[in-house]
Every structure is written in C-alpha cells, then in structure tokens.
Amino acid sequence: MRTPPTAASIDCLSGLSLVFTGELPGFSREEAISLAKRYGGRVVGQPSSKTSYVILGNDAGPSKLKAIEKHKLRTLDEDGFMNLIATRKGPSAGGKVDDKTRKKMEKEAEEIKEGAKELAKREKEAAKAGSGKAIDPLTQLWTVRYAPKTLKEVCGNKGQIERLQQWLEDWPGSLKSGFKKPGKHGTNVYRAMMITGPPGIGKTTSAHLCAQLAGFTPIEMNASDARSKKLIENGANIMNQSLDKWMSGKGNSNAAGVEITSSSCLIMDEVDGMSAGDRGGVGALAALIRKSRVPIICIANDRGAQKLKPLINCSFNLPYKKPDATMIRSRIMTILYKEKMKVPANVVDQLVEGAQSDIRQVLNMLSTWRLSSNTMDFDDSKALVKMNEKYTLMTPFTIIQKLLGPYLFSPNARETLNDKMELYFHDHSFVPLFVQENYLKTTPSMARSASTPPEKLKLLRLMDRAASSLSDADIVDSLIHGPEQHWSLMPLHAITSTVIPASCMYGNTSYAGPNSISFPQWLGQNSKRNKLMRQLGDIQIRMRLKVSGDKPEIRQHYIPSLFPHIVQPLMEDGASAVDEVIERMDQYFLSKDEWDTLIELGVDSHKDELVLKKISTATKTSLTRKYNSREHPVPFHKGQDLGKLPKKLAAEPAPDLEEAYDNDDDIPDDDDDDKKKQVDELAGDKLIKTGKPKASTATKSSAKSK
C-alpha cells in the first residue's frame, strides 16, 4: 500500500466533488474513497457537470469515460490525486473557495446556529411549563431530548409524510362517504396505513406528529404490549386502553386520563415483531381494520414478512427510505453545536454512513462520546462506527456482485481469506448457485483483452480452473448433505464453491444485457426435472401390464415409439384421428394426463412447443371431450379411490406369511377356559359382588307363557 502524503490542511478537499473509476495501482477503491472523505471531499458514483475531478485508474469504466468526454471534466491519476491533497489548502488554512461554495457554507453555518437557538428556547419553555421543576438534560437520552417536535425537523421522506397527513385530514370525509372516494393520492379508500422501512428513520415520530397536527389523539401499542387475538377481539385493556369502545367511536378514557373518542388514532408499532405471545394478533388486527371507525397506522420494518400478509390487502403501503447523509448532517450538526462539540461535517457523514442512516444510533453514539470528550476526528469516528457496527444481511445479488466485481480480489484488496469466506456464509445454499450461474458472464481482470491467441488460452485456463473447482465443490457438498453429514467441511466448500471460482473470474460485470447477473436457473430446472420424473413414474406404472421396462427404458425407447401412434395422427389428420388415438391409449392404460406428459417429455423435433403448434385447438378440445365422455380400462385402483381403511384394520400390523397357520390346522381356543377361571376367582373374593346373569329372551318368553 502506498503511503498518503501529508495534507496541506485537514479540509484540503472541502468543496470538491470527486468520482473514482478504474483500479488505482497504490490504493484499493475503499482506501481511496476513505482518503477523500477524510479531507472533506464529496465522493459520488457517477460523473456529471458538477463533478470537480475524476480520478482515473487502470481499466476505467467505458460509461464514465464517455461522461468525462461529454461534460469535459478534469481528470487526475493517482499521482495527481496525491499532489492535490498535498498542495491544496482548505478554508480552515485560508485557502481560496469559489463564491458559490463559500455562500453555501455560510448559509449552512447560519442555519445550524438558528437551529441550536431554537432547541435551547424550546428547553427553556418546557422547563417553565413544568411548574418550576426544570428538566435536567443530563437525565434524558438524546433520542428523547432532541426528538422532532415538528414535521420540518423530520429528516427525509417528505412526500410520504405529506401523503400520511393528507390521509388523516381527509379521514372524516372518507368515513362519511364509506371509503369510496380515492382522494388526491388514492389513499382515502383505506382505513389503515402501513408504514414500512428500516429502523431509526422517523416512522413512529412522523406518525405521532401527523396525527397530532390532524387533530387526532395518538394511542400507541408496540412490541412491549400484549397484542394477541383474544385480547384484541374481546376488547381487553391493553396498556389500560379499552379497544371495544373507541373502535366503535364511543367515548372512553385510559388510566393516564387521555380521552379516547372518535378523534383517536391507533398507532400499531412493530407489527412485524408480533411473537408467539401475540398469536393470531395480526389476523385479529386485519379484521378490526375492515370495520374500524378510527384511523389505524401500522408500522413495520419489513413489508415482505410472511406474518404481514393479512394486512397487505386492507392497508395502504407507505414505504419510507433511508434519508441521505446530507439530510441528516444538518440536524446532527445543529445538536452538536448546541452541545458545544467540535465535530467536522465529514466526520458526521462517516457516522451516518456507518450507522446506515439510523439517526437514533448516531445520537446514541455521540451522547456516549460526549461523556469523555467534546471533539472527534475522522479516525475516532471510524473506530466508533466499528464498535457499533450493525450486522447486515446481504442479498445474494449484492454478494455475487461483490464477489465477481473488480475490487475484492484485486492486488490492492485488504480483505482476508476469512472476509471472503464470510460472504459464502451469508447464505451458503444460494451463493454457490449464484457463482455457478454467473461466473462466465464477467470480463476477467486477469484476461481482459482476449484478442490474441495467448490471451484467449489464458482465459480458457481461468475458466477451466473455475469449473474444476465447482466440480470439486459438488463432491464436497455430497459429503456434507449425504448420509454421513460431514458439516466440518463447510469451510472447504466455501473455498471450492465460491472463493476459487471468483478469484479466477473476477472483473467487470454488467447490469443489463445477456451477460447481466441473473438468478440461478438450476432451481427452476431441478423443480421441472422432479415433476417430470414423478410423471414418468406414473406412465411406467400404468404401462407395466403391457410392457416390461424401468423408467429410463420407458423414456428412451417406448415413448418415442408411441409418438407416431398417439400424437402424430392428431398433427396430420386432426380431429378425425381422435378415436384411433383414444383406442391406442386405452391399450396401454394411458389417461389424458399421461398424454400431456408424453408431449412435455418430447425433445428435438418432438419438443412440446413445436408439437402443440401443429395440433389445432379444435383437435385438442375434441380429444378432451371424447376422452372424458367414455369409460376406459383401469389397470388398478388407488387407495384414495376406495376410501380410507378402517382404523382397526389400518392400526394392525400386516401378517407375516411365513408364520401364518395353514387353514387345515385346528387351533385350540383357550378363551372360554380363561373366562371360567376369572369368574371363579372373582366369586371367591368377598370384597367383590358379582351380578346375576341376565336371562335370555327365550327364557323370559317361556316364563310369561306359563
């Protein structure tokens, strides 16, 4: 790794917009981007007319080169980028900044000061309203102390918040019209809103603020409350809030004295977190939504969760996205200014990016840091983010793009072998399939210009090595999932199925076209194969009274021989050959379903797509109608056709024929002797009274006649 130069100032790249493309000889892509952010530079993905510099490396992307030529942008190589860091002075060192950037920075600084004054003023008013009991800021979490009090203070998702507020304001009219008028955003036909998005981006806060601004009293229930089906359906008190009365719009009040009327708004937070203790709660909530006379706002992190299916059809989806770092930066800088902490903007961006735009986590990290220091530099922020790093579950598409991309296995990559194997363990069943499907769709960095014979030979050798490793991985997988189940071989499977093929074929991948990253086709083909094998077994079972052969013989010899007799006549003669085809099918006990399977099993010139095009719709309809109207020979009866076996018969074990007695042998019956012994024993016991035997019907009739 190349050692970066000493910077002219800590903010030497402030005000610059930079784009990186290609592979730098002395730095990995992550290291170069981190270096630019350390000194205040803004790194973007695609070049535009507002880009200050484009740092070019080896094998730069063709689309970015076209954008450079189109916008006539300035470019730098690695040495030029290092020289820019060493010579350019930022605003803190008296460096020159263009008027537009300077005015923008001054405006941001003024907004931060005004925002801090507003926060201090709000705390003073809250202290006065507390009857002389001032609230000690040290006793409050920053997430509570600096929670947004107006919609203007909520970061991002302005359009979604506007929809939610409009829906709440239109609620009385929607209720009056019976929810038949869609309204401006098409939301007024729903009685509930489903807000979904990652944690810490303001979903619950915006729901409370919108409800209060629309004149509703928000009533929140989250994962700490009992929300089972029984409690919701019976209108039990949940958090001392009665559901049965306010659900019908009647007046009531909870233990805190909050009046629950038709102006109440139910906020069901974390509905995707209903656990086993809330069994049936989602279904009961969906039933209540359909008849509710008060607005209901459901909040979840993952809309695709299986348990939320009952709520999808009866609620309007309102997805929240992660706000950009620039949206969060202003709010965080305002809080830091009020707390008298000196933290540069690029450090705040690093914290926001590390927390994945989770504002709550950023505030918690800063409040903890404030206990020991009131300053933070770039290295401190990286260490703090590493300590509070979230474990993110990457999708298979994200993993395969990282594996086959140009940076993970480049000479400047800093990832260890364990880091590369960790990508496999994100989803060890899907990642090898994605590698096998897409490893030939890249332009390998080690054989990029395969125009000469030596380069083509090198490319073929790389492909051969990757394919051989995948074959070895298949053997290892059979040992893992076989009868012996050697799970200790999982790391070896990670190496052979993922790391080695990706290390051979890493390079540029495309996002569109025939060589784009695609979902594994093996899954669909394997499912189709299993279905056809099951159907082929049915054909073999039906034909076994006429032919002798296992499934491969039926597939390879008998089915091609049957094709000219039960399929080809329909292609050539049409509906006039239906009777002949049905007669031939009855000879081999084949049903209409088996005829469809024969068509689907065809290959080459007998492929199902080609055959069905040559059989008219009228012919297929005639075949189905005539076959269903006739009786056909049945080679056997299935158990399901005869009904279920009697429980007693089904429970008894099947007899062993070798131990069965012959019919001629007389078996002595000892049941009568055993019964007599038992009766004698009972009669001799004084503690047991035996009843008198009942007289037979014949004895009774003779006694009456006398």
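The structure is a predicted model, in which local features need pLDDT of at least 70 and side-chain atom pairs count only at pLDDT 80 or more, while totals for chains, interfaces and linings use all residues. Residues are numbered from 1 along each chain as its sequence is written, and side-chain values use heavy atoms, with hydrogens and water left out. The structure holds 15 salt bridges (a side-chain nitrogen of Lys or Arg within 4 Å of a carboxyl oxygen of Asp or Glu).

**Strands and sheets**

- Helices (H or I, at least four residues) and strands (E, at least two) are DSSP runs, numbered from the N terminus.
- Two strands pair if DSSP finds at least two bridges between them.
- An open sheet is formed by 4 strands in the order E2-E1-E3-E4, with parallel pairing.
- E2 and strand E4 (74-76) stand at the edges with a single partner strand each, so one side of each has no neighbour in the sheet.
- E3 and E4 run parallel and are joined by 3 bridges; Val 54 has Thr 75 in E4 as its bridge partner.
- Strand E5 (residues 192-196) runs parallel to E13 and is joined to E13 by 4 bridges, with Met 193 opposite Phe 316 in E13.
- In a regular strand the side chains alternate between the two faces of the sheet.
- Buried means under 20% relative accessible area, exposed over 50%, and partly exposed in between (1.4 Å probe, protein chains only).

**Salt bridges**

- Side chains of opposite charge can pair when their charged atoms come close.
- Arg 122 and Glu 153 meet through their side chains in a salt bridge (2.4 Å, N to O).
- This pair links distant parts of the chain, since Arg 122 is in helix H4 and Glu 153 is in the loop between helix H5 (142-145) and helix H6 (158-169), 31 residues apart.
- Glu 153 counts as buried because its relative accessibility is 15%.
- Arg 145 and Glu 339 also form a salt bridge (3.0 Å, N to O).
- Arg 145 lies in helix H5 and Glu 339 in the loop between helix H13 (325-338) and helix H14 (345-354), so the pair ties together parts that are 194 residues apart in sequence.
- Both Arg 145 and Glu 339 are buried.
- Lys 592 and Asp 596 form a salt bridge (3.0 Å, N to O).
- Lys 592 and Asp 596 both lie in helix H26 (residues 592-600), 4 residues apart, about one turn of the helix.
- Salt bridges that share partners join Glu 123, Arg 145, Lys 338 and Glu 339 into one network.

**Charged surface patches**

- Patches are made of residues with over 30% relative accessible area and no salt bridge, like charges being joined within 9 Å and nonpolar side chains (Val, Leu, Ile, Met, Phe, Trp, Tyr) within 5 Å.
- Glu 108, Glu 110, Glu 111, Glu 114, Glu 118 and Glu 125 form a negative surface patch.
- Glu 110 is in helix H4 (residues 99-129) and counts as partly exposed because its relative accessibility is 43%.
- Arg 42, Lys 50, Lys 100 and Lys 104 form a positive surface patch.
- Lys 50 counts as exposed, with 71% relative accessibility.

- Val 431 is in helix H19 (residues 431-438) and is buried, with a relative accessible area of 2%.
- Val 431 and Pro 396 are 35 residues apart in sequence but 6.1 Å apart in space, C-alpha to C-alpha.

Key: Areas by Shrake-Rupley, 256 points an atom, 1.4 Å probe, with all protein chains shown as cover. Lys, Arg positive; Asp, Glu negative; His and termini not counted. Charge placed at Lys NZ, Arg CZ, Asp CG, Glu CD.
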